[in-house]
Amino acid sequence: MSDNRYRVLSGMRPTGKLHVGHLKSVLEIWKKLQDEGHTCFFLVADLHALTTEWNDSKKIYENSTEMVSEWIAVGISPEKSAIFMQSQVPEHAELFTILGMITPLGLLERNPTYKEFVQEIGSEEKVANLGFFSYPVLQSADILLYKANKVPVGKDQIPHIEIARDLAEKFNRIFGEVFPLPEPLLAETPKILGSDGRKMSKSYNNAIYLSDNIKLIEEKVKIYMTDTARKTRKDPGEPERCPLFTLHKVFTPEEEKKHVELMCRTAGFGCLDCKKILLKNMVPEIEKIQDELKKTSREMVEDILEEGRKKAKEFASKTIEEVKALVFGRKNEKSKR
Ligand code: SF4
């Protein structure tokens, strides 16, 4: 790219409503990137959702529009970014097919995130299909189609970017230079744990959702797991062992967070007091998002997705023309960017 702006690609599987983990570890980073003026493509990964939700596929579209309305409520802007559905830009499937031809099976068999993902969705049988086995190739196609040079990810997803880099490098070597090698943009957000101490996830039923009513949020916080070594109010605790403290890390202002750590370690207050402080900081943020959510309609979201589809398609079709020109020796190469 000619200036200091990145071309960013990121996406989410539409598997249900969003929780505070999504807000703090993904959406706020997207917002920052778009507000800094980088060229951002944010996709609803509905084809990826199909790899696990194929037996209940009708809900994918519903989940997708719901999820996009939450993106908008959080501040992801259709004016600044291309927001679109993966399945509505067929070039993703086309590039996936071509990349599939140069993907060694061993690369997919060694995919280190496979086991973790199976554990999270809780069913190996559900993902015993070719689509799921080859999802890193589709993910690579998503990234390379937009010639993204930065992909915001958590540490655990770095292997996926490495697969995309391997495939880009191999394609460029065999057919000719098309793809920049994408790099991970490491998100510096702490891992957010759910109410049972495991990673916050819909599958574990341990999450606080952006759409939860405030009473429900208070109830969830009330029973949130804390430092289990702190048996009584008089025992000092350790915030780094406490799942609830992972929420303080992302919602509580720095000074107050230091105060919480001190009070916990010196048994200066009990976990109930600590939870009240968290609610005081977390609830207004969620209320603000919920107010925005009330302003978005299904029609509005569908219009946004259509506009985003056009923007994404314009870029993606040029890349595919370039790819086909090199792979098949076609002469109608339309663009060189
Ligand atoms: S005082 Fe707060 S940080 Fe310490 S264990 Fe209790 S809930 Fe966790």
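This is a predicted model: local features need pLDDT of at least 70, side-chain atom pairs count only at pLDDT 80 or more; totals for chains, interfaces and linings use all residues.
Residues are numbered from 1 along each chain as its sequence is written, and side-chain values use heavy atoms, with hydrogens and water left out.

Let me begin with the strands. When I say helix or strand, I mean a DSSP run, numbered from the N terminus, with helices being H or I over at least four residues and strands being E over at least two. Strand β1 covers residues 7-12, and five of its six residues are buried, where buried means under 20% relative accessible area, exposed means over 50%, and partly exposed lies in between, using a 1.4 Å probe and protein chains only. Strand β1 pairs with strand β2, residues 39-44, in the parallel sense over six bridges; two strands are said to pair if DSSP finds at least two bridges between them. Within this pairing, V8 stands opposite C40, and G11 has L43 as its bridge partner.

Strand β2 also pairs with strand β3, residues 81-85, again in the parallel sense, over five bridges, and here L43 stands opposite F84. Five of the six residues of β2 are buried, so this strand is largely enclosed by the rest of the structure.

Next comes helix α3, residues 58-74, whose 17 residues reach 26 Å from the first C-alpha to the last, close to the 24 Å expected at 1.5 Å a residue; the expected span is 1.5 Å times one less than the number of residues. Twelve of the 17 residues of α3 are buried, so the helix is largely enclosed by the rest of the structure, and among those buried residues are I60, M67, W71 and V74. Just after α3, G75 takes a positive phi of about 120°.

Now to the domains. The domain assignment, which is an automatic or database one, gives domain 1 (7-191 + 297-328) and domain 2 (212-293). The contact between them, meaning heavy atoms within 4.5 Å, takes eleven residues from domain 1 and eleven residues from domain 2. Domain 1 and domain 2 bury about 860 Å² between them, 76% of it on carbon and sulfur atoms, where buried area is the accessible area (1.4 Å probe) that two parts lose on being put together, summed over both. On the domain 1 side, V20, K24 and A73 lose the most area to domain 2, together 51% of what that side buries.

Finally, three loop residues. Y209 lies in the loop between β5 (183-186) and α10 (214-222), and at 8% relative accessibility it counts as buried. Leaving aside residues up to four places away in sequence, Y209 touches K17, L18, H19, K202, I217 and K220. In that loop between β5 and α10 we also find N205, which has a positive phi of about 55° although it is not a glycine, and which is exposed, with a relative accessible area of 70%. K147, in the loop between α8 (135-145) and β4 (150-153), has a positive phi near 50°, and at 6% relative accessibility K147 counts as buried.
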